[in-house]
Amino acid sequence: MNDRFIPYEHVFLEESEMEARALDFRDLMRGRRTVREYSSKPVPRRLIELAIETAASAPSGANRQPWKFVVISDPELKRRIRVAAEAEERQSYEERMPDEWLEALAPLGTGWRKPYLETAPWLVVVFSESYGRDESGGRIKNYYVQESVGIACGLFIAALRNMGLVTVTHTPSPMGFLSEILERPRNERPYILFPVGFPAEGARVPNLGKKDLAEVSVWKL
Ligand code: IYR
């Protein structure tokens, strides 16, 4: 018997229930905001585990699952990450980023200071695996790594939103310092750093909206 394929047990829903669930989920996700001001209120480790399990359910090229989630709560590590990230970001904002980019960021109100890297109870750094390792240490080729890890990060963000937590997709540039501080092997590349927690009391977000359906879709009927 060939067990390489197994039956897929799909749960079919009533159309009315499909639409109701779609609306609920759309509204939940529309309410998501990137938050840059964090409370130090603790978040149970179990919630982070669940968000990672959700993210790791993502489809990936050849099912290689080319991601690693490095989870940090240690204050000393957070401090080292903040110091290194701010050093890079300061150079970026003050020297590396062209005016056009700075103008594009102006509405977000971002800057090189990243206090959330210490305030948020958890930092989750997602690494992409440019290649994998087999049992004997040989290289395994990975496929569509950027796409795969991007999808996993999207699910991670959705999982956090669904459980009532907030995050920001922080991508200090360059991110090499994360490999060093977190002692990651050469095949792992920093992809996104997610501070995770609750918003600070009185936290504010930029007054931004999303494009509407007509702007983001084209229909060929
Ligand atoms: N990485 C920097 C700059 C930055 C870039 C973009 I594009 C953003 O949408 C937001 C920030 C930072 O984290 O501040």
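A search of the whole structure, which is a predicted model, finds twelve salt bridges. Glu129 is buried, with a relative accessible area of 13%, while Lys68 counts as partly exposed at 33% relative accessibility.

A second salt bridge connects the side chains of Arg82 and Glu118 at 2.9 Å, again from N to O. Here too distant parts of the chain are linked: Arg82 is in helix α3 and Glu118 in helix α5 (residues 116-119), 36 residues apart. Glu118 counts as partly exposed, because its relative accessibility is 32%. Another salt bridge brings together the side chains of Arg184 and Glu188, at 2.7 Å from N to O. Arg184 is partly exposed at 25% relative accessibility, whereas Glu188 is buried, with a relative accessible area of 5%.

Four strands form an open sheet in the order β1-β2-β6-β5, and their pairing is antiparallel. Strands β1 (67-72) and β5 (166-167) stand at the edges with a single partner strand each, so one side of each is left without a neighbour in the sheet.

The pairings can be followed across the sheet. Strands β1 and β2 run antiparallel and are joined by six bridges; Val71 stands opposite Val124 in β2. Between β2 and β6, which also run antiparallel, there are eight bridges, and Leu123 faces Pro195 of β6 as its opposite residue. Finally, β5 pairs in the antiparallel sense with β6 (residues 188-197) over two bridges. In this pairing, Val166 has Gly197 in β6 as its bridge partner.

Two helices cover part of this arrangement. Helix α2 (residues 45-55) packs on the sheet and touches β1, β2 (122-129) and β6; the direction of α2 makes about 170 degrees with that of β1. Helix α3 (residues 75-96) also packs on the sheet, touching β1, β2 and β6, but the direction of α3 makes about 110 degrees with that of β1.

How many residues of β2 are buried? Eight of the eight residues in this strand are buried, and β2 is thus described as mostly covered. In a regular strand the side chains alternate between the two faces of the sheet. In β2, Trp122, Val124, Val126 and Ser128 lie on one side, and Leu123, Val125, Phe127 and Glu129 on the other; all are buried, and both faces of the strand are covered.

Some features of the backbone also deserve attention. Most residues other than glycine have a negative phi, and most peptide bonds are trans. Asn63 is not a glycine, yet has a positive phi of about 50 degrees; this residue lies in the loop between α2 and β1. Gln65, likewise not a glycine, has a positive phi of about 50 degrees and is located in the loop between α2 and β1. Gln65 counts as partly exposed, at 35% relative accessibility. A further feature is the peptide bond from Ser173 to Pro174, which is cis, with omega near -5 degrees. Pro174 is placed in the loop between β5 and α7 (176-181).

On the surface, Leu213, Val216, Trp219 and Leu221 form a nonpolar patch with about 580 Å² of accessible area together. Leu221 is found in the segment after α8 (213-216). Leu221 is exposed, because its relative accessible area is 96%, and a residue counts as exposed over 50%.

The chain may now be viewed as a whole. The protein chain contains eight helices and six strands, and from the N terminus on the elements run α-α-β-α-α-α-β-β-β-α-β-α-β-α. Of its 221 residues, 35% count as buried. The accessible surface of the chain comes to about 14,700 Å², of which 52% belongs to carbon and sulfur atoms. Among the contacts with a separation of 6 or more, 81% are accounted for by residues 24 or more positions apart. The C-alpha atoms fill a box of roughly 60 × 50 × 40 Å, taken along the principal axes.

Methods. Residues numbered from 1 in each chain as written. Predicted model: local features only at pLDDT ≥ 70, side-chain atom pairs only at ≥ 80, totals over all residues. Heavy atoms only, no water. Patch = residues over 30% accessible without salt bridge, like charges linked within 9 Å, V, L, I, M, F, W, Y side chains within 5 Å. Areas by Shrake-Rupley, 256 points an atom, 1.4 Å probe, with all protein chains shown as cover. Salt bridge = Lys/Arg side-chain N within 4 Å of Asp/Glu carboxyl O. Buried < 20%, exposed > 50% of the residue type's maximum accessible area, 1.4 Å probe, protein only. Pairing = 2+ DSSP bridges. Contact = heavy atoms within 4.5 Å. Axes fitted to C-alpha atoms, helices over the stretch in contact; angles between N-to-C directions.
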